[in-house]
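Biologist: Hello! I have a new model open on my screen, and I would like to walk through it with you. Could we take it one question at a time?

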Amino acid sequence: MTQALREKPRQNFAGLWNISFGFFGIQIGFALQNSNMSRVFQTLGSSIDDLPALWVAAPLTGLLVQPIIGHLSDRTWNRLGRRRPYFLTGAILSAIALFLMPLSPAFGAPLLFAAAMLWMLDASLNISMEPFRAFVGDMLHADQHAAGYAVQTAFIGAGAVVGSIFPWLLEQAGVSNVAPDGGIPDTVKLSFWGGSLALFSAVMWTIVTTKEYSPDEQAAFASGEVDPPTQPVRALASKSYVGSTLWVVAGLLAVLAVDALGLEKEVLLLGALLIAYGFLSAIGISLAKRGRTANMLSNIVGDFSGMPEVMKRLALVQFFSWSALFIMWINTTPIVTQYVFGSTDTASFAYNEGANWVNVLFTVYNGVAAIAALALLPAMSRRLGQVTTHSICLTLGAAGFLMFFFVRDAGALLLAEVGIGIAWASILAMPYAILASNLPQAKLGIFMGLFNVFVVVPQLLVATVMGSIMQAYFPGEPVWTMLFAAASWLIAALAMQRVQAAIPSEKSHA
């Protein structure tokens, strides 16, 4: 029986659809967040310079939540299954946050309330999203990983299209797109409320239509693995405390640099996180040295320090890829409204027209991503390999960012979004397809969660350091951030070439 179960059954298209459909709803939530939160914050009285600090809650929650959820979901099994309990929990909390967000002006400290709801929304979306990454690896045969993540990317793009374009569609239908100072326009309110329902419904579809493999079946599928799941935490017992000390020292230097170099106060958060990880890693090592290897902290620290080589090399690519994306999400609205539509007054008609055009731009790049995931990336990957495909796509995206720096025509920016959309599709598919085929299947959850560290840390750096750079050298000129974004994707494209050597040749053309 065990021998028969070592190869996972192949899924047809309906199976691939059901496995990833919940991501359609999750991405509606992310799209509403990404394309509207700068607008909400500015409407509630935030300045451009304060936007990174308000956005910092989003990556911070991902950094904390994803490794924990990954670790727990690897070890969960109940009536709902292994990953699905987390799908449901995250969907419920996300739906509540989306419903409450537009009500921020009704509270005594509306800007603070909106920031708190952003924190809740991002944490909840991460609770659902992280297990979905591992879910594809759980459910699919290795030679279907690329197809599975391509379908997931298509749903991400489709969900983002719906979430991004909804405010613009409502305006075309006659819903008011302007509100008094400090008020949230009806187009945004209705979009968030509709997104709340859509997110919950899509995640429930996956929960109802999929059946996870039991722990015994998963163990049989993984019986050929040579890397025992407990190896990284056991290896932790032999490590010194030098690494932990260096993390603490780096954090202290970041804290001291705030006053010494006149950096923005948000850098204090970055320093605090480095110090906290240094102490936590030391505790994890200490527990492992005493033979206490069953605790979550030691396992997470051990898995982080014992990442497979392919994951380490992809981590650098992710770092620069997501630095650019976070720059885009924070700054596209201020750039388009200021440079293309000519207004920084959040109550003006021109500003709100520009903000809605950002929704159209985000719709285009997400729509392109959905199409590219199914029609372009598989063909490129088969012909060129995943590594070269990803490098080319990142380069096209960098060209798109450069257009934002030079172009002042709203319609022409649609072309920029084509390149960005192709890169976005590849970012969501290629690294995860490579990882799913090269990681221990019993630890997909925790490794996918730890991989998210290299999605989140660059966002934290952008949120804390970028503000200092812009304030010092380009005050009131957010368009310069697009040069940083373009450079980041070009560096990521070059770094991708190092990944090839860590991928067995038979897996590099999945």
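**A walk through the model**

Modeller: Happy to! Keep in mind that this is a predicted model. In the lining of the largest pocket, helix α12 gives the largest share, with 6 residues.

Biologist: Which helices each supply at least two residues of that lining?

Modeller: Helix α12 spans residues 267-289 and is one of the helices that pass this mark. The others on the list are α4 (57-74), α13 (296-305) and α20 (453-473). So that you have the names together, the helices are α4, α12, α13 and α20.

Biologist: How much space lies in the largest pocket, and which residues are closest to its centre?

Modeller: The space in the largest pocket comes to about 640 Å³. Of the 22 residues in its lining, the ones closest to the centre are L63, L64, L273, Y277 and V453.

Biologist: By class, how many residues of the lining are nonpolar, polar or charged?

Modeller: Leu, Tyr and Val all count as nonpolar here. No polar residue and no charged residue is found in the lining of the largest pocket. The nonpolar count is 22.

Biologist: Let's move to the surface. Which residues form the nonpolar patch, and which helix gives the most to it?

Modeller: The patch is formed by I92, L93, I96 and F200, which together have about 290 Å² of accessible area. I92 is found in helix α5. With 3 residues, the helix that gives the most to the patch is α5 (residues 84-100).

Biologist: Is I92 buried, partly exposed or exposed?

Modeller: Buried would need under 20% relative accessible area, and exposed would need over 50%. I92 has 39% relative accessibility, so I92 counts as partly exposed.

Biologist: Now for charges. How many salt bridges are there in the count?

Modeller: Side chains of opposite charge can pair when their charged atoms come close. The cut-off used is a Lys or Arg side-chain nitrogen within 4 Å of a carboxyl oxygen of Asp or Glu. By this rule, the number of salt bridges is 6.

Biologist: How far apart are the closest N and O atoms of D138 and R82, and what does the pair tie together?

Modeller: The salt bridge between D138 and R82 has its closest N and O atoms 3.2 Å apart. D138 lies in helix α6 (residues 110-139) and R82 in the loop between α4 and α5, so the pair ties together parts of the chain separated in sequence by 56 residues.

Biologist: Are D138 and R82 buried or exposed?

Modeller: The cut-off for buried is under 20% relative accessible area. D138 has 1% relative accessibility, so D138 is buried. R82 has a relative accessible area of 8%, so R82 is also counted as buried.

Biologist: What is the N to O distance in the salt bridge of D138 with R83?

Modeller: R83 lies in the loop between α4 and α5, and D138 in helix α6, 55 residues apart in the chain. R83 is at 0% relative accessibility and so counts as buried. The side chains of D138 and R83 meet with an N to O distance of 2.5 Å.

Biologist: And where do E309 and R313 lie?

Modeller: E309 forms a salt bridge with R313, with 2.9 Å between the closest N and O atoms. E309 is partly exposed because its relative accessibility is 40%. E309 and R313 are 4 residues apart, about one turn of the helix, and both lie in α14 (residues 309-340).

Biologist: One last topic, distances. What separates the C-alpha atoms of A31 and I165, and of K8 and N352?

Modeller: A31 sits in helix α2 and is buried because its relative accessibility is 4%. A31 and I165 are 134 residues apart along the chain, with their C-alpha atoms separated by 9.3 Å. K8 lies in the loop between α1 (2-5) and α2 (13-43). K8 and N352 are 344 residues apart along the chain, and the separation of their C-alpha atoms is 51 Å.

Technical notes:
Residues are numbered from 1 along each chain as its sequence is written. This is a predicted model: local features need pLDDT of at least 70, side-chain atom pairs count only at pLDDT 80 or more; totals for chains, interfaces and linings use all residues. Side-chain values use heavy atoms; hydrogens and water are left out. On a 1 Å grid over the protein atoms alone, a cavity is a set of points where a 1.4 Å probe fits but cannot get out, and a pocket is an open set with protein on both sides within 12 Å along at least five of seven lines; lining residues have an atom within 4 Å of a point. Grid points are joined across faces, edges and corners, and a volume is the space filled by probe spheres set on the points. Patches are made of residues with over 30% relative accessible area and no salt bridge: like charges are joined within 9 Å, nonpolar side chains (Val, Leu, Ile, Met, Phe, Trp, Tyr) within 5 Å. Accessible areas come from the Shrake-Rupley method with a 1.4 Å probe; for residues, only the protein chains shown count as cover. Buried means under 20% relative accessible area, exposed over 50%, partly exposed in between (1.4 Å probe, protein chains only).
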